Amino acid sequence: AVLEAVTTLAKWDAPRAKGRHLGIAVHESFGSVVGQVVELSVSTDKVVTLHRIWCAIDCGVVVNPDTVKAQMEGGIIYGLSAATRGEITMAEGAVEQSSFDDYPIMRMDEVPPIEVKILTSGDVPTGVGETGLPPIAAAVANAIFGATEERIRRLPFARSGYTEWRADPV
């Protein structure tokens, strides 16, 4: 149901503007199922423009839909941050990163519109705290593959030369 909902939300079968590609991923954790679709384009010098992200979640009975939406958006942004450039490195046996000044998070101008659909379910309430994070890296990697035919198998994407990320100004 989540896969069907997110592909409908993203209009998966609709024609895309030239150079735009979709990637999809579905993940289950904490009793919830989350699906995400990313639309992006990649320039010849590997600059990635994120155009839109769609997310569908089945987390059972929803007590507060605004909280679910906020958790999905936050998980997606943090997941994008980790996947695009987040890396913990060591020097002389110590971690080099100490806080968000040297472990960068995606900025508002790098994040495209995110649309979240919460599926109606009679199942018991399940988790939404971290469930929005895991599928985003796979969805982005799948969209990059669609754009470039390059299969990325290591994170962060910066290791493969994708160091510049931006959002399509809507």
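Helices (H or I, at least four residues) and strands (E, at least two) are DSSP runs, counted from the N terminus. The model here is predicted: local features need pLDDT of at least 70, side-chain atom pairs count only at pLDDT 80 or more, and totals for chains, interfaces and linings use all residues. Residue numbers start from 1 along each chain as its sequence is written, and side-chain values use heavy atoms, with hydrogens and water left out.

Q: Why are α2 and α3 called oblique to each other?
A: Their axes cross at roughly 60 degrees and come within 8 Å. Axes are lines fitted to C-alpha atoms, for helices over the stretch in contact, with angles from 0 to 180 degrees between N-to-C directions. Under 35 degrees counts as roughly parallel, over 145 as roughly antiparallel, 65 to 115 as roughly perpendicular, and the rest as oblique. That is why α2 and α3 are oblique.

Q: What makes the contact between α2 and α3?
A: Ile76, Gly79, Leu80 and Ala83 of α2 meet Ile136, Ala137 and Val140 of α3. Contact means heavy atoms within 4.5 Å. The buried residues of α2 include Ile76, Gly79, Leu80 and Ala83, and those of α3 include Ile136, Ala137 and Val140.

Q: Why is Phe30 called exposed?
A: Exposed means over 50% relative accessible area, buried means under 20%, and partly exposed is in between (1.4 Å probe, protein chains only). Phe30 has 54%, so Phe30 counts as exposed. You'll find Phe30 in the loop between β1 and β2, with a positive phi near 55 degrees.

Q: What makes Glu92 exposed?
A: Its relative accessible area is 87%, so Glu92 is exposed. Glu92 sits in the loop between β4 (90–91) and β5 (94–95), and its phi is near 55 degrees, again positive in a residue other than glycine.

Q: How do you know that strand β3 is joined to β7?
A: Two strands pair if DSSP finds at least two bridges between them. β3 (residues 47–58) and β7 have 4 bridges and run parallel. Leu50, for one, has Ala167 of β7 as its bridge partner.
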